[in-house]
Amino acid sequence: MPETGVQRRSVLFGTAAAAVGGVAAASSGAAFAGPATDTTAAAQVAAAAGADAAAASAVPGGPTIRPDDPRYRELSTGNNQRFVSQPDYIRLITSTEDAERAVRDAVRAGKRVSVRGGGHCFSDFVCNPEIEVVLDVSQMTRVYYDQVRKAFAVEAGARLINVYESLFKGWNVTIPGGICYSVGVGGHISGGGYGLLSRGHGLTVDHLYAVEVVVVGHGGQVRTVVATREPNDPNRDLWWGHTGAGGGNFGVVTKYWFRSPDAKGNNPSDQLMNPPSTVLISAIEFPWEQLTQAKFTRLLKNFGAWHERNASPKSPNVHLSSLFNVSSKAHGSLGMFTQVPNDIPNARAILDDYLAAITEGVDITPQEVTKPLAEIGVLPGFAEPRVLPWLQATRLVGTNNPTITNPTSRGVHKSAYMLKNFTEQQIAAVYKHMTRPDFQNPDTMLVLFSFGGQVNAVRPNATANAQRDTIFKMCFQTFWEKESDDQFYVGWVRDIFSEFFATTGGVPVPGTNSDGCYINYPDNDMADSRHNKSGVPWSTLYFKDNYPRLQQVKRRYDPTNYFRHALSIQPA
C-alpha cells in the first residue's frame, strides 16, 4: 500500500534537516534544507532523527549470497546472458543504512564492486570478470508520497510497472518512463529514461526532484548524500549528475524523489504529471512479402519526415508517440505501435493523419498483427484503433514483450539519436543487412522510437542528458540463445551500424544528421578505435559538452573512482 504519512527518514532529510546553516553533517548525508528557525522545529528534527535511527536499527540487513548458495548462479548475471560475473559475493540491500554497511564492508576489504537494480543493463557494467562484489538494490521497492518534500519517493530497486501502478492507484500521477515492465528505476532514471509519454511530458529526469546516494570519499569515507534540484542546494551537482550520466558512476542510488517543475499547492495529485485517463492505440504490421526496396525506403523516409515536422515542443501532434520495429526479413513483417492520449482534442484525427503520412506513396495495406512486433508481443485487434484505460494499455504493452524480457537470451544493442531524416545511403544499409540471405534470425530489429516534443523544450545543459534537439531515437539489436553464435550476431550488428554511419567513422557523431548515443543503451564499442573510427571520444558521443561538468561531479563525490565500469565518468 502507498505510504501517505510523513516518513521518518523524509523528516530527517527534509525541510528542517539542520538547525544551523541548513546543511546536515556529512557523516549523515549532507542535504540542503534551509535553516530551522525555532527551537520547536529543532526539537522535532531531533525527535525525528532519533526515531529514524531506531527504525534503521530495526531494519534487517539483506542476505549475502556466496558461491555455495543455490541463489548464486541466478544472481551472477542479469537480463543479458552474454554477461556473467563470478563475484566473491552478492549483497542484497534492503535499506539506505544497509547500503552504507555494504559499501563500507566492500571498501574496507578492497573489493571491486558493481551496482545492480533491475538487471537490464545492455553491457557488462554489472556482470564482468573483474567484479568481486555485486551490490543489488532490487529488494528496495517502496513507492510513497513524502509530505515534507512534497514529492513522490521511489526506491531504486522498484520496477517500472510497479511504480506506474503505485503512483496511478494512489494519486493518479505517473512519470514518463519506459515500456518494459521489468526495468528497474535505479539505472533507468539516472540515464534519462523516456517512454510513450515523453513527447508530451519530457524525460523522467525532467521530473526528478532529488536523489539519495551512498558515496565513497577520500580515505574510504562512506556517507549518504541527498541532493536536490533546488538552486541553493550545495549538492545540486550530484542531482544533476543523475539526470543523464547513467548508473554506476557516483555511488549507490537508494532513492529518487519526483515532483514536476510546474507543481503547485499541497495536493499530492498536483505534484507530478497526470497520465491520460484513456489512450487511443493502433498496432499494425507491414508484411515483408509486400515490400520492395523502394517501398521499404519510402516507409522509413515517411517516418523520418513526420518526426522532422513534429519535433518542436509546439507541434500540435506533440502527444503522439510511435514505436516502429523495422524487423529483419526473417521475422516476416515490420510492426508499428502508436499511442495518442484520447482526452486531447482531435485524438483520432491526429492518429489517422499520422498513419496516412507513414503509408503515403506506398502501395501496401497495413494488416492485423499476427506475430510479435519484435520487442512487443502479439497485439491482435488493434488494426482498427481502440480506446483503452491508460494503465490497462501500459500493462498490455509493458508485460507483453517476450523478446526483450527473455531471461535466457543473449543480445547486442547499438543506439543513436537522429537530428534529421534518413539518407538514402542509410536506408540502403538497413535494407541490405535486414535481407541478407545468410541471416535468418527473426528476433532482430531496428527500433525507431518517437522523440522530440517536450524533450526538446529543455536546454542541453539543464540536465546531464544533452540530446535535446532530436527527432527520433534508434536501437539496432538482435537476440539469440547459444554462446557459440556470439561472434556471428555481434558481427552482424557491428556491420549494419558501421555501414549506416559510414560517413562519420562508423558512429553517430553529434552535429551531423545524428546526435550521439543513449547511455542507457550502452555499447563498449564506442570506446574502441577498431569500431569508432571517427576520432570523436565515446564520452562526446554519450554526453557531448556536458562531459567536463560530469567529470567535476565525479571528482567531488567519487574522487578515488571507486564506482566504475567500461563507460563510466572519469574524475577531472
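Reader: What makes Phe296 and Met474 stand out in the largest nonpolar core?

Author: In this predicted model, the largest nonpolar core holds 153 residues, and of these Phe296 and Met474 touch the most other members. Leaving aside residues up to four places away in sequence, Met474 touches Lys414, Ser415, Ala416, Met418, Phe422, Leu446, Val447, Leu448, Phe500 and Phe501. There is also a second, separate core of ten residues, including Leu75, Phe83, Ile90 and Leu92.

Reader: Why is His433 called buried?

Author: The word applies to a residue with under 20% relative accessible area, and His433 has a relative accessible area of 4%, so His433 is buried. His433 lies in helix H12, residues 424-434, and, not counting residues up to four places away in sequence, His433 touches Trp492, Asp495, Ile496 and Glu499.

Reader: How do you know that the buried residues of helix H11 are on the same side?

Author: The buried residues of H11, which spans residues 390-398, are Trp390, Leu391, Ala393, Thr394, Val397 and Gly398. Because they cover an arc of only 160° around the axis, they are on the same side of H11. What covers these buried residues includes helix H5 (160-171) and the strands S10 (278-287), S12 (333-341) and S13 (386-389).

Reader: Why is strand S11 described as largely enclosed by the rest of the structure?

Author: Seven of the seven residues of S11, residues 321-327, are buried, and therefore the strand is largely enclosed by the rest of the structure. In a regular strand the side chains alternate between the two faces of the sheet. In S11 both faces are covered, with Ser321, Leu323, Asn325 and Ser327 buried on one side and Ser322, Phe324 and Val326 buried on the other.

Reader: How do you know that S11 pairs with S12, and with which other strand is S11 joined by five bridges?

Author: Two strands pair if at least two bridges are found between them, and five bridges join S11 to S12, which run antiparallel, with Phe324 opposite Met336 in S12. S11 and S12 form a hairpin with five residues between them, and Gly332 in the turn has a positive phi of about 105°. Five bridges also join S11 to strand S15 (residues 444-450), again antiparallel, and in S15 the bridge partner of Val326 is Leu446.

Reader: In what sense does strand S4 pair with S2 and S3?

Author: Strand S2 (residues 89-92) pairs with S4 in the parallel sense over four bridges, and strand S3 (residues 113-116) also pairs with S4 in the parallel sense over four bridges. Val133 in S4 stands opposite Tyr89 and is the bridge partner of Val113.

Definitions and conventions. Residues are numbered from 1 along each chain as its sequence is written. This is a predicted model: local features need pLDDT of at least 70, side-chain atom pairs count only at pLDDT 80 or more; totals for chains, interfaces and linings use all residues. Side-chain values use heavy atoms; hydrogens and water are left out. Helices (H or I, at least four residues) and strands (E, at least two) are DSSP runs, numbered from the N terminus. Buried means under 20% relative accessible area, exposed over 50%, partly exposed in between (1.4 Å probe, protein chains only). Contact means heavy atoms within 4.5 Å. The arc is that of the directions from the helix axis to the C-beta atoms. A nonpolar core is a set of buried Ala, Val, Leu, Ile, Met, Phe, Trp, Tyr and Cys residues joined through side-chain atoms within 4.5 Å.
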